[in-house]
Every structure is written in C-alpha cells, then in structure tokens.
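Good morning, and thank you for joining this meeting. Please look at the sequence and the structure as they come up, and I shall then take you through some of their features.

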Amino acid sequence: MAMHRRKVLKGIAASGASLAVLKAPYVHAQGAPFKLGLLTVKTGPLAQGGIQMEQGVQIYLKEKNNTFAGRKVEFFSADTGGNPAGAKTKVQELVERDKVDVILGPLAAFELLAISDYFAQAKTPLMSLAAAEDLTQRKPNPYFLRASATSAQAMHPMADFAAKELKLKKMITISEDFAFGHEQMGGFQQTFEDNGGRIVKKLWPPLVTPDYAPYIAQIGDCDGVCQGFAGSNPLRFMKAYAGAGLKFPVVGGETAGDDALLRSFGDEAVGLYSCCPYTLDLNTDSNKRFIAAMVKEFNVEPGFYAAGLYVNCMVVEEGLKKTGGKSDDKEAFMKALKSVTLSDTPRGPIKFDSFGNVIGDFYVRHCEKAGGKLVNKTVKTYKNVSQFWTYDEKKFLSQPVYSRDFPPLKS
Amino acid sequence: MNFWLLMAYSVSLGGLLFLLSSGFSLIFGLMRIPNLTHGSLFMLGAYIGATFIVWNRTNFWFAAILSAIIVAGIGAVIERFLLRFLAGKELAQVLVTLGISFMVSDLCLMIWTGDPISVNNPPGLDGATQILGFPFPTYRMAVILIAVVIAAGLWLLLDRTRLGAMIRAGVDDPQMARVVGIPVPWLFTIVFALGAGLAGFAGTVGSPILSVYNGLDQEMLPLALVVVILGGTGSLLGSLVGSFVVGVLYIFGQAKLPELAYFVLFLPMVLILALRPQGLFGRPTQ
Amino acid sequence: MSASRIAAGIALIVLATLPLWLTGVYYINVASQILFYAVFALGLNVLVGHAGLVSLGHAGLFGLASYACAIALQGHWDHSAAIVFALAVTLVGTAVFAFLSLRATGIGFIMITLAIGQILWGLAYRWIGLTNGDNGVSVPSRPSPFGISLVSPTNFYYATLVVFLLSVAAAAIFAQSPFGASLRGTRDQPRRMTALGYHVWMVRFYACLFSGLMSGVAGILFVYYNLFISPQTLALAASAEVILMVISGGSGTLLGPIVGAALVVIMKNVVSAYIVRWNLVLGAIFVAIVILMPEGLVPGTVRLWRKYRTATAVRDDAGLAPKVAEPKT
C-alpha cells in the first residue's frame with residue numbers, strides 16, 4: 001500500500017506539473033506565482049493525519065489546475081516530524097528560504113504554540129487544523145485563521161450529547177499528554193459537569209506510548225470513557241481497550257473516530273461516538289465532489305485531516321479572489337481571509353468570528369457496521385457552534401485556558 | 001489500582017523484553033560491544049513481519065520466523081562486512097553500530113513511510129481470558145509462553161550443544177578460546193546473526209501489542225540496554241531476571257509515578273554500572 | 001607568518017563579514033547554528049579527544065542548560081540572572097554526571113553516560129510540572145547585551161560569533177596547557193600517570209566540568225536562538241549527532257569539531273531540502289568515517305594532503321634535478 005501510495009503521489013506530481021506546463025500560455029499569471037506552504041507530519045503517530053493533510057491540498061490543487069484566482073500556485077510541503085522543534089525549523093525554512101505567501105498547518109497544537117510568535121512577527125498568514133485554543137482566545141494571533149475547530153469546540157457538543165442523550169454520569173478521560181489532549185478533555189469536563197456529570201479520573205499517556213496497558217489497567221469504576229487520541233493512536237487504544245475486556249461506552253473528539261481510520265479499525269470501534277466538524281455522510285455538493293476525487297486519486301475515503309485542508313484551500317482561494325489576486329500586502333490579504341464566508345464546503349457552511357476562529361456545524365456520529373464495513377452514522381448535528389459554546393465570551397476568556405489541571409478534578 | 005493486573009502486564013512485557021534483549025546480551029557478552037543497532041533490527045523485524053502479515057496475509061507465526069531469518073541474514077552481513085574491519089577496536093564498533101542504526105531507521109522510513117502499521121492479534125489468540133477474576137488479553141499470555149519456550153531453547157543451545165560450549169568459552173575468555181582453536185571470527189558472525197534474528201522475531205511477536213512505527217527503535221533500545229546491564233552481559237539467566245525487573249519498573253513506573261517513569265527505569269542502570277558493573281548475574285570480566 | 005596563521009586570519013575575516021556577503025536571513029541563521037554547535041562539539045571534544053572518554057549523554061547537559069535558562073526566563077528573571085543560573089545548574093549537573101560516570105572507563109563509561117542522558121531526557125519528557133513535557137518551554141525574548149538587541153538574525157550571529165571565538169580560544173589554551181597534557185596522559189597511560197603522582201580521577205573530573213560548562217554555554221545560545229526548548233533536544237539521537245560532529249571532524253584537534261559541526265548542520269538544514277532522507281546519508285557518512293578515516297576529516301585530509309605533497313615533491317625533484325650523470329660508484 002505504501003508503494004501504491006508513493007506511485008500515486010508521483011503520478012499526481014507529474015500530472016500536476018504537466019498540466020501546469022500545458023496551461024502556461026493560457027494562464028494570465030499575476031506576475032509572481034502564489035507560494036503555498038504546508039507544515040505537515042509524515043513521521044510518527046500523527047503521520048496518519050499528516051499524510052491526509054497533504055492529500056487534501058493536492059486534491060484541491062488538482063481540481064483547480066494549480067491556479068488560485070488566476071495565479072499559478074507553487075506548493076512547498078515540509079515534514080515537521082510531529083514535534084515543536086521540527087515545526088520551528090520548518091516554518092523558518094518556509095518563510096525565510098522559500099518565501100511562502102501563506103502557510104497551511106501545522107498539525108498539532110503544541111507545534112502551533114511553538115511557532116505562533118514567529119509567523120506573527122513574519123506577518124505570514126497561517127491557517128491550521130491545530131486546535132491550540134489560546135491562539136484565538138487569550139493570546140490571539142492576528143495572522144492566524146482556523147477553519148476547523150478549537151480543541152474544545154468539538155468536545156463541548158460531545159459532552160452535551162454524553163450527558164443529555166447517553167445519560168452518562170461518571171466518566172474517566174484519557175488523552176495524550178500534550179496541549180491538544182489537555183484542551184479537549186478540559187472542554188469536555190467543563191460542559192459535562194455543567195450538565196450534571198462528574199469526571200472521576202484523568203489519564204495522560206505520552207504521545208508516543210508503546211503500550212497502553214498501564215493506563216487501561218486504571219480504567220474502572222465509571223459508566224463511560226472519553227478519549228481524545230489523535231493520529232493513529234485511536235487504533236491502538238481501542239484495540240488495547242477491547243483486549244482488556246472493557247465494555248464502557250466510549251466517546252471521543254474529532255480525531256478519535258476519524259472517518260479515514262475506519263478502514264484500519266476492527267470490530268472494537270463499533271459503538272464509538274465521536275463529534276467532528278467533518279463527517280463522510282454530509283450531503284453537500286462539495287463534499288460529494290471531494291470524496292469522489294479522494295477515492296479516485298488515493299483510493300482512500302477522506303477524514304477530518306484531508307477535509308480540513310481542502311476547506312483551508314477553499315478559504316485561501318476565496319481570500320485571494322477578494323484581494324484581486326494580490327498577496328503582497330499581508331495585512332490586506334489577512335483581512336480578506338478573515339472576511340470569507342462559504343456556504344458549500346465539505347464540512348458545511350462556515351464563517352469566522354472576530355478572533356479568526358470558525359463558526360460552523362458539528363456532527364455527532366455513531367460507529368456502526370453496515371454491509372460488512374464500518375461507517376460513522378451522524379446521529380445529531382449541532383448547528384453554528386462557536387469556540388465559546390453557549391458560554392458568555394467575556395466570562396470564558398477570563399478563566400484560564402483548558403489544561404491538564406483546568407478544570408480541576410472535583411474531589 | 002489493580003496490583004495483580006499491573007503485575008500481569010509487567011510479566012508479559014518482561015517476556016517481550018526477554019526476546020528483545022537475549023540477543024543483545026549474547027552479542028555484548030561475546031563480542032564485548034553494546035550493539036546499538038539492536039533497536040533498529042527489532043523495528044526492521046517488526047516492519048518485515050507486518051508486511052508479510054498485512055499485505056501477503058501470511059500466517060502470523062510463519063511471518064515471525066521469516067522475519068527472524070531475514071533480519072539474521074542482515075545481521076550476518078553487518079557483522080561480516082562492517083564490524084569485522086574493526087576487530088579489536090570496540091569503541092569504533094560501538095560507533096559503527098550507532099551509525100548503522102540511523103541508516104536502518106531511515107531506510108525503514110523510506111520503504112514503509114512514517115505511517116504506523118497496526119497488526120492484529122493472531123487468530124485464536126484474540127480477546128481476553130479470565131484470570132484471577134479479571135479479563136487479561138490472551139495474546140499477552142501467549143507472549144509469556146513464547147518467551148519461556150525461547151529461553152528454554154537458548155539454554156539448551158548454550159548448555160548442551162558444541163556451539164553453545166564454544167560461545168560460552170568465547171564469553172568467558174576470548175583469548176584462550178582462540179588459542180584452543182575455536183574459530184572466534186565465525187563465532188562472532190553466528191552469534192551476531194542469532195542475536196539479530198531474535199530481535200527480528202521479537203519485533204514481529206511484539207507488533208500486535210506495540211504496533212509498528214518509526215520511533216520503535218528509540219523506545220526499545222534503551223529498554224534492552226537496561227535489561228542487559230541489570231542482568232549482566234552474557235548471562236541468559238541475567239537477561240530473564242532483568243527483563244522481568246524492567247517490565248515491572250516500566251509498567252508500575254508509568255502507572256504510579258508517571259513524572260519519574262524514566263528516572264525509575266534508568267536509575268538502577270546507573271547504579272549498577274557505578275557499583276556492580278557486571279550486573280546481577282554477570283561475571284566480573286573486563 | 002605561518003600558513004596556518006594566514007588561514008586563521010582569512011577565516012576570521014570571512015566569519016566577521018559573513019552577513020554582508022551571505023544573502024538570505026535563512027543562511028545567516030544556519031551560520032549561527034554552526035557556531036554554537038561548534039562550541040558544543042569543542043566541549044565534547046575535551047572528553048572524547050583529549051581524555052579518551054566517549055560520552056553518549058552530552059545532549060543531556062546541553063539540554064539541562066537550555067531548560068534551566070528557559071524556565072528561569074519563564075519565571076520572569078532577567079537575562080543575566082537566567083544565564084548565570086543556567087551555567088550554575090549545568091555545573092552542578094555535570095559534577096553529578098562526572099561523579100557517577102567516572103567510576104567506569106571505556107565501554108562502561110559510554111553506557112553510564114547513555115543512561116544518564118536518558119534519565120535527563122526522561123525527566124524533561126515526563127516531569128510535566130517542571131518542564132511542560134512534550135509541549136516544551138517558550139523563551140519570551142532574546143537578551144540585549146550593552147543595549148544591542150539580539151532579535152535580528154545578524155545581531156544574533158555576531159553575538160554567537162563572539163562567544164564562539166572565546167570558546168575556541170579557551171579550547172586552544174586548554175589543549176596547549178599542562179592540564180591538557182596531563183589529560184592526554186591519563187588517556188594514553190593512566191597507570192603511569194598515577195605512578196607519576198597525578199590524581200587521574202581529579203584530572204578527568206575537572207575535564208568533565210570544563211566540557212560540561214562549554215556544552216552549557218552552547219545550550220544557552222541554542223535556547224536563545226530557537227526561543228524554545230523541548231525534550232527532543234536531549235534525546236539519544238542528539239547525543240549521537242554531537243559525537244558524529246566530533247568524530248567526523250577529528251577528535252583531539254581544534255579545527256576538527258568545528259568542521260564536523262559545520263558538516264552536520266549543513267547536512268541537516270541545507271541538504272535536507274534536496275535529499276529528503278538525510279538521516280540515511282548522515283549515518284552512512286558516520287560509518288564511512290569510522291571505518292575509513294577514523295581520525296576524522298581534518299587529520300585525514302591533512303594526512304592525504306601531506307601524502308600528495310611528498311608525492312609531488314618527489315616528482316619535482318626528478319624533473320628539476322640537473323641532468324648530470326652520477327659517477328658510478
């Protein structure tokens with residue numbers, strides 16, 4: 001499969017290049033090409049998502065013949081390795097050496113937090129899936145735009161669902177020990193406890209954990225588990241969970257039940273609830289087009305990571321159209337990007353709030369077996385969810401950012 | 001938290017660690033070099049095994065043996081063509097194994113990409129069995145059994161065969177062994193290959209538990225080091241005891257003292273090296 | 001003026017005017033990286049080259065300084081206090097490191113230092129309360145010594161250059177000093193040194209402290225360069241990289257570690273854009289150097305150059321010799 005994938009990627013690159021060459025005389029390029037940079041992860045547990053991110057961008061570029069708003073697009077992809085130090089090195093390369101106009105990515109919240117000051121100083125617009133909350137809350141970065149969700153944006157509705165529909169009362173949370181994990185679980189805890197539930201224990205395995213056994217051994221005395229694993233870790237966790245004979249219902253965030261992972265999951269995933277800003281069974285035109293293209297090019301059904309980047313590209317192109325193809329004036333370009341609203345995207349309608357974070361629909365899905373394979377069936381749609389959920393914005397901002405210890409465990 | 005459950009997990013991890021580190025211990029004991037490529041060979045074996053299992057749908061056990069043979073072959077090549085050049089220069093040999101580990105790691109990345117591979121439990125060993133009143137993954141119990149079988153096999157090899165006698169002689173006194181006519185260079189190649197093969201086998205056997213990903217070598221090598229240092233180089237019993245001690249330290253450390261998990265793991269290693277360098281069961285050589 | 005002095009002078013001029021002729025902020029940054037990694041390599045070389053002790057845990061000391069500085073700065077200490085604190089912590093840490101490791105030599109020393117490096121890495125990785133774990137610690141700003149802000153890459157480069165030159169001077173003075181000679185004595189003939197009345201352990205201990213201090217200085221430069229520190233920096237791979245720098249350049253020489261640092265940093269940053277799998281290339285170079293040119297690139301090149309010179313000298317003689325028939329004796 002790896003071989004097949006690489007051949008396909010090479011094929012895409014070749015076809016993209018040849019198409020670009022073919023169209024060259026016809027493209028009235030606005031002077032210099034538009035340089036698009038991508039910070040992604042191709043090694044480590046998050047690679048599963050990172051590879052998809054690049055695929056999402058490539059699908060969009062192919063659809064648009066490598067041209068945004070009349071300008072030829074030059075695409076630079078960098079592998080950060082899934083850690084903050086790597087992200088810092090690669091963002092410097094993209095900005096200083098390749099001189100990109102806009103950056104997509106990085107993937108992980110802790111990577112984004114490490115480079116936030118840098119790209120703000122460099123005045124390079126950046127659109128990321130990375131869910132680091134504070135970049136659109138307490139430490140807003142004027143050059144940052146997020147079309148996917150903050151870490152907790154998908155967890156507030158999940159907690160609401162868990163308390164009201166699943167009627168769970170005592171839950172244990174388990175997620176990786178890094179910013180994304182902390183913020184997801186914090187958001188879940190706040191809304192879950194506001195609705196009468198209680199979190200009894202919080203477990204934090206490191207991002208790279210060879211064996212989840214020591215953590216799974218600590219799960220018990222509850223009526224449900226909330227997990228926020230990302231990348232390929234959900235596969236390993238659910239396998240170990242089922243292997244230990246545990247039967248409590250499991251709810252998860254946007255990465256836990258990612259549609260793209262379903263083909264690698266076994267029966268242990270049946271019954272998993274997850275809340276995600278993207279779902280395969282969303283019936284919009286652009287989603288149907290997007291899924292068809294992904295299946296054709298890469299022979300995979302897309303998930304949250306690919307869809308997120310596809311939507312990011314849509315926003316970038318829309319922003320570029322608004323400035324008439326000009327990207328030199330970074331402030332103007334950023335302003336145009338922030339003002340984008342789209343009604344037909346693979347994830348539904350989106351618009352941005354004053355902090356640069358998306359307001360959109362979120363879908364709670366239930367994993368079931370249909371026709372011999374696993375599918376996520378949407379069971380509830382929460383419309384127009386903002387990063388603040390139903391909380392008052394000022395009050396929300398006055399409390400500390402969700403972290404390992406906030407909200408604290410009620411003893 | 002469930003003490004016995006954690007204990008059971010520790011024992012099964014210990015079994016896997018024994019498979020990993022027995023090879024390392026043999027190599028270190030006989031050739032006096034800590035083979036820093038060992039983690040990469042483990043990972044390579046896991047990737048090869050996973051490839052056979054997932055894409056060729058080979059039988060799990062057959063794939064494990066196949067990957068052991070392939071990795072053993074690679075080990076023999078490494079020893080014969082790279083380490084042999086530096087015979088006697090142990091420091092250089094250590095550094096070469098370090099360099100080779102970088103190369104193997106990147107080769108794995110090139111061939112299999114950075115996306116982790118998930119391997120299912122072999123059929124028949126899926127799910128959990130009830131022991132002492134709680135469910136425990138069946139496959140992990142199988143791993144303990146495999147470790148015991150391999151341990152017995154290695155003991156038979158070392159104690160009851162001519163090859164084993166030659167290896168033991170080489171471990172105890174390499175100079176005398178040479179004088180007596182034991183073909184030490186060939187012995188080195190065989191032992192290195194055997195160690196590598198064991199690592200490859202361990203990689204495949206461990207893949208349903210650990211899955212196969214690119215940082216696996218960096219995770220497993222230090223554990224093998226601690227096992228061998230604690231248990232004593234060149235001693236099979238040392239590897240066995242060391243594996244279970246490390247299994248307990250690792251699992252209990254992660255569960256009870258997560259902040260100091262690695263400290264708990266490596267401090268005994270430092271203390272042993274400082275106070276009793278031959279380990280618990282090794283013989284005072286050097 | 002000897003050839004090496006002229007060469008040193010030229011190198012100095014080149015380094016001092018680098019930002020003027022090196023176009024692109026990116027490359028100036030790479031140059032800064034080469035300089036502080038060279039300081040790190042010079043520090044390690046004290047142990048590897050002069051004491052004959054190979055340490056696979058030095059990235060732990062490097063990272064210790066970085067973390068101490070970053071955590072102090074996060075606690076709103078001012079820059080000079082943070083730097084002094086970081087150096088103090090590194091010194092204490094190195095003392096503990098040396099105390100434990102010097103109980104062994106040879107392979108045992110490698111293993112202990114590897115283990116201590118792993119302990120330091122493990123603490124950085126899991127002691128979340130102190131180090132924020134995988135999320136790392138951000139450094140809010142760079143210092144402004146004598147009022148000159150180091151925020152711009154060019155200013156930072158010059159500051160690093162100054163520290164680098166001081167470190168090279170320190171390393172040179174050390175190498176030529178009686179202490180350096182006694183250290184090399186303990187490497188070559190520890191028993192004779194003891195017989196001569198040298199306290200071998202103390203000599204090695206002081207060497208460790210000097211080595212640790214230089215690594216700490218490099219670590220502080222690193223954290224100010226990156227404005228960020230994470231556990232990655234203390235991993236085994238990082239210790240292996242700096243060993244590679246020392247060995248590939250030539251352990252025991254002054255220029256060697258600098259050349260090695262330049263090689264590794266350039267491979268990592270510049271070449272990685274063209275060859276994606278540079279780790280493979282790095283490993284291959286490592287293996288090739290250990291087998292073929294174990295003394296390192298600098299001494300190896302000098303050796304080959306000398307061979308070439310004597311070869312051509314012989315040819316010159318044959319060509320220029322007067323065509324006088326030698327009396328047959």
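Let us start with helix α10 of chain A, residues 304-322, in what is a predicted model. How far apart are its end C-alpha atoms? They are 27 Å apart, and this agrees with expectation, because 19 residues at 1.5 Å a residue should span 27 Å. The helix is mostly covered, with 15 of its 19 residues buried. After α10(A) comes Gly324(A), which has a positive phi, near 70°.

Chain A is divided into domain 1, comprising 2-149 and 282-360, and domain 2, comprising 155-281 and 361-398. Their C-alpha centres lie 26 Å apart. In the contact between them, domain 1 of chain A contributes 37 residues and domain 2 of chain A contributes 29 residues. Which elements give two or more residues to the side of domain 1 that touches domain 2? In chain A they are α2 (47-63), α4 (109-121), α10 and β13 (358-370). Our opening helix, α10(A), provides the largest share of that side, namely five residues. By class, this side of domain 1 has 20 nonpolar, 12 polar and five charged residues.

I turn now to a sheet in chain A. It is an open sheet of six strands with mixed pairing, in the order β2-β3-β1-β4-β5-β6. Its edge strands are β2 (67-68) and β6 (144-145), each of which pairs on one side only. Strand β5 of chain A, residues 126-127, pairs with β6(A) in the parallel sense over two bridges. Within β6(A), Leu145(A) is the residue that stands opposite Met127(A).

Next, the contact between chains B and C. Chain B supplies 37 residues to this contact and chain C supplies 36 residues. On the chain B side, the elements giving two or more residues are α4 (90-112), α9 (216-231) and α11 (261-275) of chain B. Of these, α4(B) gives the most, with 16 residues. The residues on this side of chain B divide into 30 nonpolar, three polar and four charged.

Finally, a word on confidence. The average pLDDT of chain A is 85, and 92% of the residues score at least 70. Over residues 1-30 of chain A, however, the pLDDT is below 50. That stretch has 25 contacts in the model beyond near neighbours in sequence. Where pLDDT is low, predicted coordinates should not be read in detail.

Conventions
Residues numbered from 1 in each chain as written. Chains lettered and ligands numbered in written order. Predicted model: local features only at pLDDT ≥ 70, side-chain atom pairs only at ≥ 80, totals over all residues. pLDDT = per-residue confidence, 0-100. Contact = placed C-beta atoms within 7 Å. Helix = DSSP H or I, 4+ residues; strand = E, 2+ residues; numbered from the N terminus. Nonpolar A, V, L, I, M, F, W, Y, C, P; charged D, E, K, R; others polar. Expected span 1.5 Å × (residues − 1). Buried ≥ 20, exposed ≤ 12 C-beta atoms within 10 Å, placed from the backbone. Domains from an automatic or database assignment. Pairing = 2+ DSSP bridges.
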